[in-house]
Amino acid sequence: MRRFRSLFFAAPVLAALVFAPVIVLAAPPAGHGRQAMPEIRPAFRPARAQAGGVMTVSADDPPLSSVLMKLAVNDPVHSKALLGQALLASPDLPPVYFRLAAADLKEFPGGLVSGFYYAVRGFESYARNWWWAMDLSGLAGVSLIASFFICLFVTVCLRLPRELPLLKHDIAERSRYFLLLLVPAVSAFFGPGLFLASVLLLLGIYFPRRDRILVLLVMLFAAFMPFVRGWVNGVYLVSNPQMRAIVGANEGIDNSLAVKALAGSGDFAGLFSYGLGLQRSGRPSQAIVAYSAAIERRKDPRAYVNLANCYMFFGEPGKADELYTKSLAIRPTAAAYFDLARLDRDSLDYEKAGALYRQAANLDPAGLSQAFMDREGKEGGRLLMDDTLGMADFYSIFDKTRRGAGQGASSVLLWSVLILWLAVFFYFGKGGRMRAFRCSRCGRILCDRCERQPYWGRMCGDCYQSLVKLEARDPKKRVARLLMIHGSQLRHGALVRALGFAPPGIAYIYGGSILKGALMLWGFLFFAVAAAANPLFTTGLGTGRHDWLGAVSAAVCGLLYILSFVGARRRQGRQWL
Ligand SMILES: [Zn+2]
Ligand SMILES: [Zn+2]
């Protein structure tokens, strides 16, 4: 039966594991061209097309994809076709995928596979879009911290009336327990979080053995808390105009901001992005100055490639050839191979060009096909592949900003206190016979100092005589005690049953299945807080919000609620809670 129960819990996880590969491997749905596409003449170039081209106009207008997404909302008949075009314009934008997924999932069951396909692709696109990934990580950090606090507070409140009298009993009878009061007193200096955690630690001494893992988990999380907090602060610190400009230029979203905001940059990333912005807004001579300055800071192969592309614009293939070769000598990139292949093609050396194309394709097949696609859309212009900074470069800027502001994860003092508290916990937690406990029948608090006798199943003397040593008791008193026990059990049962309607886990925590209950409550709170904070906490840099979060949160919270409600009923039926 126990095995069956754990299966009940594991079933959703197993289902997800089984279905995930099926969904990922599912062929791209043929839905793109199913509907007649309304004629849309973009007045400006799609965002991605700039990324591959050398000289294109700047995009001061709003990105095409966001215009198309707005149109899709107002035009339900053509919404899927419009979203499909938005996807072509911005293949790295998560909300486009999720809106397509939602549109497909509405056509249940026909759109199920393609709906899941777009959802998976949507999650993948987070890895290609810096602000969206940052934004999501900041939101996750905020809800992790908030849900931890709320869950800890609720657990302490629910357990305090049960465990505090036991601690009082021990403090009154054993002087060394008095020292335990130092734990919350000292912790209070570290803030409310650690204070709450230390109260849980004291109560945890009286938890059933398996539920004491909760104390360890809480202490572990407290140790990581400075890192999570530092990360969240870093996300908001790094959302400055310079970073916006750097990411905007390199992700091919906004060149004009880079030209405006990065003019005075002194570091490599700033100068490189400034050069990219200038180059793509048709100012190659200024771009040459910026790239040369960037190369003085760092001999980066990508700067050489873009510099060479600028020289190509002025018709200096000799100079460009030299720079491409220099770039390849530092570290081969797809762009350097691709552009050098163009040079060889121009001088009619097709064999060498073919070999270089193959090498480019080995390094970055997706980038190469994008570059060829861009060439299709070009009107006669020479096309070269620019190199750009990526997620790893953005992350190192983020990390530098975070550390510069003292948001690192060094908290030696906190960790030493936590280790000391754990030592205290293990010292007082061992030797269960020594501590106060409740009579398993009537709930009276006692310890081996108050009552010296063999305890059968942790019973007080009165209950033992009434239930086990029947002959030693006057029958009238026995019946009275049995009725008293029955009455208190009924009251407890009614309360647990009522708490079954409360948020998931609360009935478990109150009923004594503390670890399981706290984990359920924490999971519930994490998703609930994330969904609630989704529109509030934002760097203001992603366009739109994480649309999928509402649906995922509702599903997880609903599932946890049902599991907790049904579970509490079943366990209570067997008098486990
Ligand atoms: Zn008793
Ligand atoms: Zn006692």
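## Basis for the helix geometry

Helix axes are taken here as lines fitted to C-alpha atoms over the stretch in contact, with angles running from 0 to 180 degrees between N-to-C directions. The structure described is a predicted model.

## Helices H16 and H17

Two packed helices are described by the angle between their axes and the distance between the axes. For helix H16 (residues 317-330) and helix H17 (residues 334-346), the packing angle is about 150° and the axes are 10 Å apart. Angles over 145 degrees count as roughly antiparallel, and H16 and H17 are therefore roughly antiparallel to each other. The crossing of H16 past H17 is left-handed.

On the H16 side, the contact is formed by Pro317, Ala320, Asp321, Tyr324, Ser327 and Leu328. H17 contributes Ala336, Asp339, Leu340 and Leu343. Sorted by class, the contact of H16 with H17 comprises seven nonpolar residues, one polar residue and two charged residues.

## Helices H3 and H5

The crossing of H3 and H5 is left-handed. Ser65, Met69 and Ala72 of H3 meet Pro95, Val96 and Arg99 of H5. Of the residues in this contact of H3 with H5, four are nonpolar, one is polar and one is charged.

Lys70 also belongs to helix H3. With 13 other C-beta atoms within 10 Å, Lys70 is partly exposed. Lys70 and Leu83 are separated by 13 residues in sequence, and their C-alpha atoms are 9.4 Å apart in space.

## Helix H4

Leu83 is one of the buried residues of helix H4. In H4 (residues 79-89), ten of the eleven residues are buried, so the helix is largely enclosed by the rest of the structure. Along with Leu83, the buried residues of H4 are Ser79, Lys80, Ala81, Leu82, Gly84, Gln85, Ala86, Leu87 and Ala89.

## Nonpolar cores

The largest nonpolar core contains 112 residues. Within this core, the residues with the most contacts are Ala197, Leu200, Ala258, Phe338 and Leu521. Once neighbours within four places in sequence are set aside, Ala258 is in contact with Ala245, Gly248, Ala249, Ser273, Tyr274, Leu276 and Gly277.

Another core, of 21 residues, lies apart from the largest one. Its members include Leu93, Val96, Leu100 and Tyr118. Val96 is also among the H5 residues that make the contact with H3.

## Phe224 in helix H10

Phe224 is located in helix H10 (residues 213-237). Phe224 is exposed, having 12 other C-beta atoms within 10 Å. The C-alpha atom of Phe224 is separated by 9.4 Å from that of Trp415, although the two residues are 191 residues apart along the chain.

## Overall composition

The protein has 26 helices and two strands. Of its 577 residues, 40% count as buried. Among contacts in the protein with a separation of 6 or more, 60% are between residues 24 or more positions apart.

Terms used
Residues numbered from 1 in each chain as written. Chains lettered and ligands numbered in written order. Predicted model: local features only at pLDDT ≥ 70, side-chain atom pairs only at ≥ 80, totals over all residues. Core = buried A, V, L, I, M, F, W, Y, C linked by C-beta atoms within 7 Å. Buried ≥ 20, exposed ≤ 12 C-beta atoms within 10 Å, placed from the backbone. Contact = placed C-beta atoms within 7 Å. Helix = DSSP H or I, 4+ residues; strand = E, 2+ residues; numbered from the N terminus. Parallel < 35°, antiparallel > 145°, perpendicular 65-115°, else oblique. Left-handed = near helix turned anticlockwise from the far one by under 90°. Nonpolar A, V, L, I, M, F, W, Y, C, P; charged D, E, K, R; others polar.
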